[in-house]
Amino acid sequence: MDESGVDAKPKGLNGGLIVLIVVFGLLLVFLIGNFILYTYAQKNLPPKKKKPVSKKKMKKERLKQGVSAPGE
């Protein structure tokens, strides 16, 4: 012991600190991986196709807008 009454020997890392570092490291890797995949998909994948609108829905929309549907 030195004059202050505390051991001068270093203890090393706390177990809880190691767990926190590992968890946050894995979380960081996961988020960075998701971001990279997202940007890759935005650049390289074709845009999503829209579902075709049914004739009934088209008719309803035209009636809402005041345009008569053809054949009426």
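L13, L17, I18, I21, V22 and L26 make up a nonpolar surface patch, with about 580 Å² of accessible area together. Patch members have over 30% relative accessible area and no salt bridge; nonpolar side chains (Val, Leu, Ile, Met, Phe, Trp, Tyr) are joined within 5 Å, like charges within 9 Å. Areas are from the Shrake-Rupley method with a 1.4 Å probe, and for residues only the protein chains shown count as cover. The model is predicted: local features need pLDDT of at least 70, side-chain atom pairs count only at pLDDT 80 or more, and totals for chains, interfaces and linings use all residues. Residues are numbered from 1 along each chain as its sequence is written, and side-chain values use heavy atoms, with hydrogens and water left out.

L26 sits in helix α1, residues 15-44. L26 counts as exposed because its relative accessibility is 58%. Exposed means over 50% relative accessible area, buried under 20%, and partly exposed in between.

Now the whole chain. The protein chain has two helices and zero strands. Helices (H or I, at least four residues) and strands (E, at least two) are DSSP runs, numbered from the N terminus. Of the chain's 72 residues, 1% count as buried. The chain exposes about 7,600 Å², and carbon and sulfur atoms supply 66% of that area.

A patch of positive charge also lies on the surface, gathering K48, K51, K56, K57 and K60. Lys and Arg count as positive, Asp and Glu as negative; His and the chain ends are not counted. Each charge is placed at NZ of Lys, CZ of Arg, CG of Asp or CD of Glu. K56 belongs to helix α2, residues 55-65. K56 is exposed, at 71% relative accessible area.

Which side chains meet in a salt bridge? Those of K64 and E61 do, at 3.9 Å, N to O. The rule asks for a side-chain nitrogen of Lys or Arg within 4 Å of a carboxyl oxygen of Asp or Glu. By this rule the count is one. K64 and E61 are three residues apart in helix α2, so about one helical turn separates them. K64 is exposed at 67%, while E61 is partly exposed at 42%.

Helix α2 lies largely in the open because zero of its eleven residues are buried. G66 follows α2, with a positive phi near 95°.

How values were computed:
Buried < 20%, exposed > 50% of the residue type's maximum accessible area, 1.4 Å probe, protein only.
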